[in-house]
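Work through the exercises below with the model open. Each task is followed by a solution in steps.

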Amino acid sequence: MRPPAHGGALWLLPALVSAVSAGLALSAPQQPAAEPFEELIGPVPFVLRNAATPEKHQIETMPGGVALFDYDNDGLLDIYFLNGAPQPSLVKSGPEWWNRLYRNLGGWRFEDVTEKAGLAGEGYAMGVAAGDYDNDGWTDLLVTSVHFSRLYRNRGDGTFEDVTKKAGIPATKWPIAAGWFDMDNDGDLDLFIVNYCVWDPKTEPFCGDKRAGYRTYCHPKYYEGLSNTLLRNNGDGTFTDISRSSGVGAKIGKGMSVLFADYNNDGWMDVLVTNDTAPNFLFRNEGNGRFTEVGFAAGIAIADDGKILSTMGGEFRDLDNDGWPDIFVTALANETFPLFRNLGNGVFQDITYRSRIGAASLPHSGWSLGVADFDLDGWKDIVTANGDVQDNTELFSSRASKQRNQLFLNQGGKTFSSTLFGTPAQHRGIALGDLDGDGRVDAAVSALNEPARLYRNRLGAGRNWIALRLKGTKSNRDAIGAKVRLLAGGITQYNHVSTSTGYQCSSEKTLRFGIGAAVRADEVEITWPGGRKQILRDVPAGRLIEVEEP
């Protein structure tokens, strides 16, 4: 176990991009501030309640989903936090247990619109996936909870409706996370639900030390694993369960998170499932409705030393600017946060210690995480939400239950420098996005039984950026799965659209690129889902640019 905002948005067709003025004058790059993020606890009064009991039920240490998405299409990222429920009922008995939606008013001010939106939720919530499954231009939500999931359709008027039954979303034993992707390039978003393990509070084993008088959350070995669920979008608001026919349902694990990328660049989105004390799964998309699990063959199922880790969250993005998506995952203290470099031949290389992440992460337990260019130097960095599995770690070890979060700054694609930041807590979820429209990526973080934290990015002063918001017309509306190659300042960068990030979380769909001192990108190549290519040239810096699929 685990253990009008945005600097003046422009709607641009390809022919118009080169005619846009460069925009901002730039000063020389400056050194980053001592603290990379400003911690803000006041703007959102949300507290993640896990209903802890003396029996240490397994579900108590697991929640924390967070989503950053623009629910009302006003150009500002809103925040959705998931919450627990009292035990043993697992029913939200009062407002203190509600999931909470906060509307971004600008200037780091937020309004609680939960009740109006109809998103208080049900049950003991876990993970959230944001995506426009019906292609109507409004972002919908899939929420996983212990024993069931709920699909909330965005009506476009500030409210959501529960369409779970109508859509055919099945109840599974413990759906812990989920993600949207277009598995068949047909223009509709399909749904992958990750299931954790079989949990029954009536048969919860005792773990800890009775003589010493303390109890702990149990190791996953005491619980039976589950297979995952793959739902194909029928294009009419309903889904078909193809878990068995696709091959996904044949694999039993203890899933924690799901990430998507085209790791072999064959035009089909592949699926990474991180497993807790079980080998990780890499499902290669064969393009015919079937997936082949290749985790061991690809070298990402376990660590290079043969150890099976307590893998928590993951990210599936290109970290060294070579055009091949790499894999980074979090794990528990004394296990490291492994980094697997994509060699481009179907195989990954474990470079955890070579990258200097190994030693820096060894003392920490990581849950959710995110990848973004926080300091705008053209290289993607990593941020992790840290906190121990146990809330009483100090009783039996030298570690602390509450830990600081961690930033790994990319030093040119080969090594990373580590910085701890923020107030120690049992952090769980982290979602990324530009919350204040200054072009820099901020974060929203949940913590067990403490107020949520917002982290305002203070890095990258004097450096420039380009943000791309893609709108599919022939492909899915969110353009999830679209790939972008950007050349600016002599650096070529790669990224792809995916809202599925970290552990149980969903981050903004806008792609953001740091370009240092450059005032424009020489070239931007977009490969839309299905393979259509679009070239933009002389793209101005310092702006959010919206691009519609031709």
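**Exercise 1. Charges over rings**

Find which ring lysine 210 lies over, and at what distance from the ring centre.

Solution. Step 1: apply the criterion, in which a charge sits over a ring if NZ of Lys or CZ of Arg is within 6 Å of the ring centre and within 35 degrees of the ring normal. Step 2: lysine 210 is placed over the face of phenylalanine 206, 4.9 Å from the ring centre. Step 3: for arginine 428, the charged end sits over the ring of tryptophan 367, at 3.7 Å from its centre.

The model is predicted: local features need pLDDT of at least 70, side-chain atom pairs count only at pLDDT 80 or more, and totals for chains, interfaces and linings use all residues. Residues are numbered from 1 along each chain as its sequence is written, and side-chain values use heavy atoms, with hydrogens and water left out.

**Exercise 2. Aromatic pairs**

Classify the pair formed by tyrosine 133 and tryptophan 180.

Solution. Step 1: a pair of aromatic rings is described by the distance of the centres and the angle of the planes. Step 2: rings of Phe, Tyr and Trp (its six-membered ring) pair if their centres lie within 6.5 Å; planes under 30 degrees apart count as stacked, over 60 as edge-to-face and the rest as tilted. Step 3: this rule gives 22 aromatic pairs. Step 4: tyrosine 133 and tryptophan 180 are 6.1 Å apart centre to centre with 15 degrees between the planes, hence stacked. Step 5: the pair links distant parts of the chain, 47 residues apart, with tyrosine 133 in the loop between β7 (125-131) and β8 and tryptophan 180 in strand β11. Helices (H or I, at least four residues) and strands (E, at least two) are DSSP runs, numbered from the N terminus. Step 6: tyrosine 133 and tryptophan 180 are both buried, where buried means under 20% relative accessible area, exposed over 50% and partly exposed in between (1.4 Å probe, protein chains only). Step 7: one aromatic cluster is formed by Phe37, Phe374, Phe421 and Tyr455.

**Exercise 3. Backbone exceptions**

Solution. Step 1: most residues other than glycine have a negative phi, and most peptide bonds are trans. Step 5: asparagine 185 lies in the loop between β11 (175-181) and β12 (190-195), and its relative accessible area of 23% makes it partly exposed. Step 6: the peptide bond from glutamine 87 to proline 88 is cis, with omega near 5 degrees. Proline 88 falls in the loop between β4 (78-81) and β5 (100-106).

**Exercise 4. Burial and a sequence-distant residue**

Is phenylalanine 160 buried or exposed?

Solution. Step 1: phenylalanine 160 lies in strand β10 (residues 160-162). Step 2: with a relative accessible area of 5%, phenylalanine 160 is buried. Step 3: from phenylalanine 160 to lysine 116 there are 44 residues in sequence and 9.1 Å in space, C-alpha to C-alpha. Step 4: for the protein as a whole, 63% of the 550 residues count as buried.
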